Structure formats: C-alpha cells, structure tokens
Amino acid sequence: MSSAIKDNSIVNEKIIEDATCTFCGCCCDDITLTVDLDKKVITKAKDACVLGKAWFLNHVIEDKPIARIDGKEVTLDEAIEEAAQNLIDAKFPIVYGLSDTICEAQRQVVPIVDDIGGTIDTTTSVCHGPSGMAFQGVGEPSMTLGEVKNRADFVMYWGGNPAEAHPRHFSRYAVTPKGMFIPNGKDDRTVVIVDVRQTKTAGVADIFVQVKPGKDFELLWILRGAVKGIEVPENVEEITGVSRELVIDLVNKMKNCKYGVIFFGMGLTMTRGRHFNSGALMALATDLNEFTHFVAKPARGHGNVTGADNVVSWQTGYPFGVNFSRGYPRFNPGEFTTVDTLTRGEADAAMIIASDPVANFPKPAIDHLKSDKCKLISIDTKQTPTSEAAHVSIQTSTYGINTGGTVYRMDDVPISLRPAFDSPFPGDLEVLTKLRKRVNKLAKEKNRPYATSKYI
Amino acid sequence: MLIPGRSAKQGTSLNKGKLKDEYKKITSILEVNSDDMVRLGLDTGDQVKLSNEVGETIVSVKGMREGKLPVGCAFIPYGPPSSCLMSGETCGSGMPQSKHMMVQIELVKKVEKEVKKVEPAN
Amino acid sequence: MNNEIRIINGIVFDPTNNVDGKVCEICIKDGKIVDKVSSAAQTIDAKGMAVMPGGVDIHCHIAGPKVNLARKLMPEDHRLDPHFKTKHTSSGSGGIVPSTFATGYRYATLGYTTAMEAAVPPLMARHALEEMYDTPIIDNGFYVLLGNNLFLQSLIAEGRKEEFKEAVAWWLNASKAYTVKLVNPGGDEPWKGHKNLNVKDIDDTSKIVDLSPRKVIDAFIDAVHELGLPHPPHIHCNNLGHSGNFDTTIETMKTAGDRRLHIAHIQFNSYAGEMGKSPKSASKEITEYVNGHKNITCDVGQVMFGKATFMTADAPLTYLLRGYKPQKWVNADTECESGCGILPFDYQGMIYTHALQWAIGLEIFLLSEDPWRIVLSTDHPNGGSFMNYPLVIKLLMDYEFRKEAMKHVNQKAMNSTILGELKREYTLNEICIITRAGPAKCLGLKDKGHLGIGADADITIYDILDDKEEMFNAPRYVMKAGQLLISNHEFISDYTDKKVLRVAPEFDKSIEKVIKPFFDDFYSIAFSNYAIDDEYLHDNIIIEANVKNNIYEN
C-alpha cells in the first residue's frame, strides 16, 4: 500500500510501516522498517524484538551465484532443468521444508510432487506434527491471538519458552496488553508457566509449575481427571514433581476463569509421549468448556509453518507426511515423514525448500542426505550446511524482505507481506513455478501414467 | 538427560548465518545444573564429550544456578552437535525424540586455569 | 485454437428465457453464448439430451479456515475416498470435506459451474480466496460474516445509521465478499464472553451491548438494501436446530418487512415442538410465509442420510450437538468478529430426529409454490455432501421412489409428517430452476443460470434417463466459460477461465478514521494490513449494485 510507504529522495531512504516480521510464528505486523535503498540494507527495525532485529538488520545481499550444480556456478535454467530431471528420474523422491516461504510458493509444490509421484513433508513433522496428529484424534478449541488479548484472564504456557522463542508473544498478545475485557493488562490475568526448566519465560509467571522431565502426560491426565471430579492422587508429587495443593489450585483457577487459554510448545511434542501429550492437553481444554470458555493453541515456530500446514491440507487433505506414489495422496506419519524416509535410506532424491535438515536432523538422516545415494536439491535464501552439501543449489530472495506474498500467523490469520527492497536473486515463487511447469512437461513426455495439465 | 531447545542467541546468530562462527559456538555450549557440575567435577569452559548409542560430540559446559535446571538435566541450543546425538527413530510419529535424550558426559579437556575468567553464572 | 462451439439437436431447458424442453441450437464464442458461430465451430450433437445452464450452488462450505480445519480433522474420511490423478486432473482427497482440487472436479462432474462459500470471517478472507484459486473449474464468491462484528454492533447500538452503512460497505470491500452473512446474530458474545451461553430468541438482549438480534438483523437488511447489493443479507437464523424454532424464523422474516432477505438452509429452522424436546415439522407454517412474500428467498439445507460435518459460525449450536455425539470437536474464535464450531456427524434413517429433518426438507420443497425462490442445497457438508444433489433430485421427481424411501426410515417420524400425502413431482424445468436459474436470479447473477445471448457459456448436457439420480450424476458434456471440460463423461481438460465473484459498493473513505481506533485497540493485526489489496485478487468480476425489492424486478 503506497500510503504506508514514504519515499525520501534526498538520502534515498524508504520507510515501511506495518511490515511483518516472518522470523517466528508471531508474525508481528507492526514493524517500521527504515531501508537504505542504495546499500540495500535495513537500517532500523522499530518495534522488532531481538530475533526480529537480527532477522531484518542482518539481511544483506550477498555476492553469490544464484545457482550451482556440485558447487559450480550455472544459470538458473540449467539448475531447474537438472533438478527437474533428478526429481522425475528418482524412484522415491521426497520434498521437504516449506515453512520459510510464502503460501503462493508452497502452492506450487504439491502439484510437482503429484506429478513425480513423490512424498511431501514440511517442517511440521519435526515441530508440531504430533499436535497435528492429536488434533486429528481429539479436535481443538482454539482462537485467534486477539481473543487472548481481549478476553483471556487465565493464560498458561506449557513446555514452551516464548521469552526466547517468541519474544513478543507476551507483550503483543497474551500477557501484558490491555484488551477489551482486560482493562488492566497483566493485572487482570493469571499467568501460569509449566516447564521442566526454569527458563526466562518463568520470570513472568504468577505461578511456575516445574514438572518432572517426561511426566507431562501424567500431570495433564491428573488435571483432566480433577476437572472431571476425580480425586487427585496422594502421590501426585512423587509422580509429577507437582504438589497436590498446587494441582487442586490450578484446577480451581481453570474452572473459574472467564476465558482460559493454554499455549503449548515443543516441550510437549518432542518429548516422551509426543502426540499423546498434545492430545491430553487439547482434551483438557475441551473438557473445561463444560465450566467456562477455554481454548488451546500450539505456539508455532517458523514464520509460515502454519501456512505450509494449511496449503498442504487444502490441496491434499492432510497436513504433512503425504505420499503420491499411488496416484492419490496418502498420509502416514512415521512412514512418509522425512526423518523416517531418510533414516531408512529410502529417498533417492530430496528437494529441500527453505529448510536446513543437514544442520538439525538426527545424524542417520543427515548421513543419508549427504550420501551419493540421494540427489540433494536445495532451494534456500541463505547458505546453510544443506545448501553447501547439495547437488543442485538455488539461492532465492527472502520473503518479507525482498518479496511479498502471504503468510499465516501461528493462529491461522493470513497476512500480506511488505517487502523492503529488491534482490538480484529470484523469489521462491518464480523458481518453483518454473520447476512445476518443467516437471509437468517432463512427466508428460515420459508418458508417466496420469500426467496432468495444471489449471493454475 | 539432555534437552535441546531454542534460545534467543541461537535465533539471532542463525540470522547472521549458520556457517558463521557465532552460531557454531552458541550451539556448542551445554548448560549443566550446578550440583551436577560439582558431582562431575566440571568447571564452566571445560570441554566434555557427550555420547549415546547414536553418536558423540564435543562441547563446552556452562554451570547454571540451582533450580534453573533439574538435577540430571542438561540443556543445549539446537544445532549440529545436538543432531549428532539424535536418533532417527520416530516410533511412527515422524518426530524424532529431540528432547529428553539420554547421554553420557565425559570430561575431555579441563579449561586452562589462566584463561578461566568466567565464573559459573549466577 | 478454435473457441467456437455449436450444440445441435439438444432439448434445451432455459427457464429464465421461457424455454422449457425445446429443441434448439446453442452457439458459443469466446466464453459467451452468441446468436451464431462460423462453420469452423466444433459441433456437439446433443440429440436426446437435456441442455441446461451450469449449476449454481447458492450455499455451501468449500473454502476457507473452517473448511480447512475440518479437512485436517478427518484423515480417516479422506482415506476411504481417494480422488485419483487422471491424465487431465490432479489428485486429491474426497470424503465429506474434499480437498480443493477434488471439490472443483466433483462439482463439475455434477454439472455445477458456480458455488458460493457461505461463511468467512473477514480477518480470514485471504485464506478463503487462496483456497478458491486452488479450486479448479468453478466460479466462486463468498459471504462475509458481519452479524457478530463487535464494532458494527456498537454502531447499531449507538444509532449511528449512516456510519454503519458506510462501515458495512468498507468491510465488503476490505474482504472482497459477495454479500453479508449473519449467523446467529448476537450469539457470539454470550458464547465467548459469558462462559458458553447463547441468545435465547430474536428479542433477547445479549449481554455485551444492549442490542437484540432483531435490531442487528434489521440494521443489516437496511444497509444492504440501501447499498443495492445483488444478493440480500444471507441469514442463518437464531435458534437454528432447536425444536420450536419456526417462530424465530417467521419473526426473522417479518423483521425484513418487504425488503429482501435470504434465509439459509431453512429446513434447520422449520421445527415445531417445545425447546429441548423432540421436534415436529413446521414446514407448512414456514412455506406459507415464504409463498406469500416475494421478498423472501431461501435455500433448503436438505438433510441426507450418511456422513455430514457440522461446520458453522454458530459455535454454541455445535457445542450443544457435541452433547449428543461426543466426537472430536473444534471451536475457533475469531477476534471481534466471529465464532466457529466443527463436529463430524452422520444422519441415520432410524433416528427419529434425523428422519424428521429429512422429511421436513422434502416437505418444504414440495409445499413451496414458487421454485424461483427456493434453492436446492444440503448446506454442504452440514446436511450432507453436495454429492447428494442427484439423489435429492430423484426424491423430488419421483413420488414412488420417495414413498419407498420413506419405508426404510423411522416410522414414528414419517407418521408425524405429511410427506406421504404430497404427490407432487418436480419437472425437469423446475429442477433446472431450483439448481440453476433460480439461484442465479437470487444472487443477481445476470450472466449465469440461463442460455440467452450474452450469458456465460457455462453449460451442462445430460443424457435423459429414467433414473434421475443417474442422469444428474454424470453429465455427458460440461462447459465452463466456453471451454469443453468434460466430454463423453471424461475430463479432457481442467483449464478454464475461472473467476471470483464479488461486490464493491462505494463508500466514504472517511469511515476508515472511525474504524481505525477500534482496530488499534482490539485487533491483533494492523489496520493497514487488514483490508485485502485489489492486487491480491486473481481474475474477478464485480457485480454491480442494483436496488430492488424482489428477484422479479430488473
């Protein structure tokens, strides 16, 4: 919107108001960016948190080739051709990542995977994938973040460390802001933190609950029982590390609040119990609706991981871990999720989009990715261990800084981005659209069964 | 028991580039409860080897004030070292057990006395 | 590429232009119906076949946040109904809430070429639009949820009528919607802010603003009338699903006076009996009112046995139903604007209430005297999938079949209705009205629902078969915007010129100064990031304003 952009021709500076930071799932859309158009850098990011400042201010246009094959510079078209050939020739191609790019680009990817009969998975599988599975089993009472700001008088964080992972979650949405029915901000809310570690987050708590590691499910189930009127066991402290008095107090506070919310993090999904933990938490929130209005929400990590979930769901019916080898989408976490397909050594081509599994996957998965059994294709905005290990590596421009598009905040609210300055690198949308068209053509030429013409 | 996680410093450093030293350094610092530090005879800055059935890695330790971490728990920001210890088994969920991993800690190199300026953080 | 088509020998049904089963030629050029084409035109011989305009679904839930939550919720349902990739179409998942690609293809395989998504909160409008782009073939538009918008309610409460109208126009523009949707107006605040309560009736005052649902409804009918939107407010009445709710429905229609109003899925609002007890049919009372009032249009929301999914902005209703069926349940509150509930469900013939709902829907179809103002819908997926439409048509066209079907469902329910006495059978021309010509007229879509010169060349050609379910289940040819997509029952392409249908009423820009402070205080996104930029839209058509008092005025 031009009204928000003021050109100042004297110093060739541009101010962008209400820009969105896509570093984390908070997607704060109130950042004022000062851009030096000559140097192509952002000099100020007003209102951004420490992570957001690092995201915006460290972004420089690096002098690197757009595309490389085995480390040698090539043209973008050559790289796309090689990637398309690798994907079409592979017996078990996988596509992974997607959480750090715009929905418009994500929407190009499912048709590619449909054409190659491959597997698509997003970073959700190693993030809140278990919560997605729990959602399929239990459902979820939920809300947009503005409801929390306006109404929540009971706010609980479970197994998350927003003070470090989502720094403005407290101030923008959940703890300190004054809302429609919360005129005094934090004073009108009870804030409870449940974690095994006493993190920076614990500092804001009215009540800090230190649960024994790996005992989240037990504590959730005891709370659930207590909400339903089942006596809290005498040995609850021995089991969970939390005193019986505290459990009873928590249950009373939860049942008697006006609008309660629980945010939960990967302290639940990555630890013992995984989707059972998320499911127990969603069931607890559901049960509480017999007494009051109660909601829960996973605190999602990357800028647009929520968008990836949504896009893959509307195009295939399933949120992640989807395989097309039979000519229709099938969902099976553990079978078609990336850690598994790599650890078992199944994938013979892997296209990694806006993600860096070589840096953070389990070692056996990394070993397979880097081995010559797997053609690795990387499309990323930065040089990473993954891009450096890739057979085909394409460097793209950065969403929210160089390109516009749509992202979904952790509460499924879609937001349009306001790019700050141009980049010599192509956008993900451009690269993936070209690749989609090329793969579609190749699939037809190879007379693969069911080659399609795309209407998009 | 090891708990890898995110931290603000890990987050800011990865924006600067995962191939830069800052990221590598931050993801190689293990936070250990002060009681465990005493029990294991460790000082902040010591190099230790973490190992389990998946692999091993060498990191430096940092003592944490009592109460911040439960006894027997250590924390490390996500990064290449934590990956070395992570099993690919997801138990059919797609999610490796990336928190709550059992590891062994062994001292490999004492921090040199004259360099040791950093006291255990309080 | 040759863009001309001539359809010859077909038996044409075009009720808008008073053509009822006459053999005549239809010519198509550049996506429109024209009076003649060159000799190079592709010829389709439709001898013995029925030629109709493409179907228009006036009320379904196929795109947007709640639809996608329901999709994510039911992998088990998708697994039972895979949608295979073909040479010309993408793969997808079926079931009660199909994936976007499958949704578009499946509508096309029923001969439908337009479908309107019936409820989207403005904050989530981008999401609905994105899914529409990914829904092949069919044209879409959506109705924007404004009935529980706290800012608009405050303007009504304060009597700021002019500003209210401007703000409604602003919101329609900001979200790129087709018309205003009201769902259980006034019911959100008791639900979200008062521990899961609900409004009791149309004259109840919700606890946040001293404002009854009736005042909200009245204000919206007025504003939309003055703005001259092609389709009036589309309302999901208070007390939907409750026994004895027909009073509320009639009161809602009376509130409209002689101004236009569309009652959505009216079957769900046609129950007699006492609240909290078993329902009885009030189809007579409801159809009597509708028959006598030209300003009212409605769609039926027929219940069909089998799988369904509740998916509605009426969150308290969904929670109430969860009491009957403790299934996995989703609630989704949207700040300052809306609530939402989702619950997988199935209708069973042996259950009294379900069988009665089925019968009431059919009674409403059969008792209604003017097919132009009653539209076929199942409120997909709330009353059942849109894939049931051919079966609904058979039930309406075949009295013997209907009687047979009645034998296999709850007899207590059948005995309490007059369905068995209604011997009316719909004609092909009437079916053409309730599935195409009528909904197009109700929506004010002048280029759709008919085959006159200048109309969009959205055309379906069916083999005329005795079994009407079979007939409407598999058109032999389907054309969208002049492109032949289905030929001899098979897809030959899925590329078409598809559009978003929307309105863009004029408004005074100064209203933004009135709205913005509310955003700054109570929304979680910036005011400047809320309205959807025109650039965000792909191909779209703005349907012009046109103030009228009923669908018969031009």
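**Ground rules.** In this predicted model, local features need pLDDT of at least 70 and side-chain atom pairs count only at pLDDT 80 or more, while totals for chains, interfaces and linings use all residues. Residues are numbered from 1 along each chain as its sequence is written, chains are lettered from A and ligands numbered from 1 in the order in which they are written, and side-chain values use heavy atoms, with hydrogens and water left out.

**Confidence.** The predictor puts the complex at an ipTM of 0.95 and a pTM of 0.93.

A couple of non-glycine residues have positive phi. C:Lys176, with phi near 65°, is found in the loop between α6 (161-175) and β13 (179-183). Helices here are DSSP runs of H or I with at least four residues, strands are runs of E with at least two, and both are numbered from the N terminus. C:Lys176 counts as buried at 5% relative accessibility. Buried means under 20% relative accessible area, exposed over 50%, and partly exposed in between, using a 1.4 Å probe and protein chains only. C:His265 has phi near 30°, is found in the loop between β15 (261-263) and β16 (271-272), and is buried at 2%.

There's also a cis peptide bond between C:His380 and C:Pro381, with omega about -5°. C:Pro381 lies in the loop between β22 (374-375) and α13 (389-397).

**Under cover.** C:Gly10 is found in the loop between β1 (4-8) and β2 (11-14) and is buried at 0% relative accessibility. Its C-alpha is 8.2 Å from that of C:Ile461, although the two residues are 451 apart along the chain. Helix α1 (residues 65-73) of chain C is mostly covered, with nine of its nine residues buried.

**Salt bridges.** The count over all chains is 68, where a salt bridge is a side-chain nitrogen of Lys or Arg within 4 Å of a carboxyl oxygen of Asp or Glu. Here are some from chain C:

| Pair | N to O distance |
|---|---|
| C:Lys32 and C:Asp447 | 3.6 Å |
| C:Asp77 and C:Lys307 | 2.8 Å |
| C:Glu163 and C:Arg160 | 2.9 Å |

Which parts does the C:Asp77 and C:Lys307 pair tie together? C:Asp77 lies in helix α2 (residues 75-79) and C:Lys307 in strand β19 (residues 306-312), so the bridge links parts that are 230 residues apart in sequence. C:Asp77 is buried at 6%, whereas C:Lys307 is partly exposed at 44%.

For the C:Lys32 and C:Asp447 bridge, the partners sit in strand β5 (residues 32-34) and the loop between α16 (428-443) and β23 (459-463), so the pair ties together parts 415 residues apart in sequence. Both are partly exposed: C:Lys32 at 30% and C:Asp447 at 35%.
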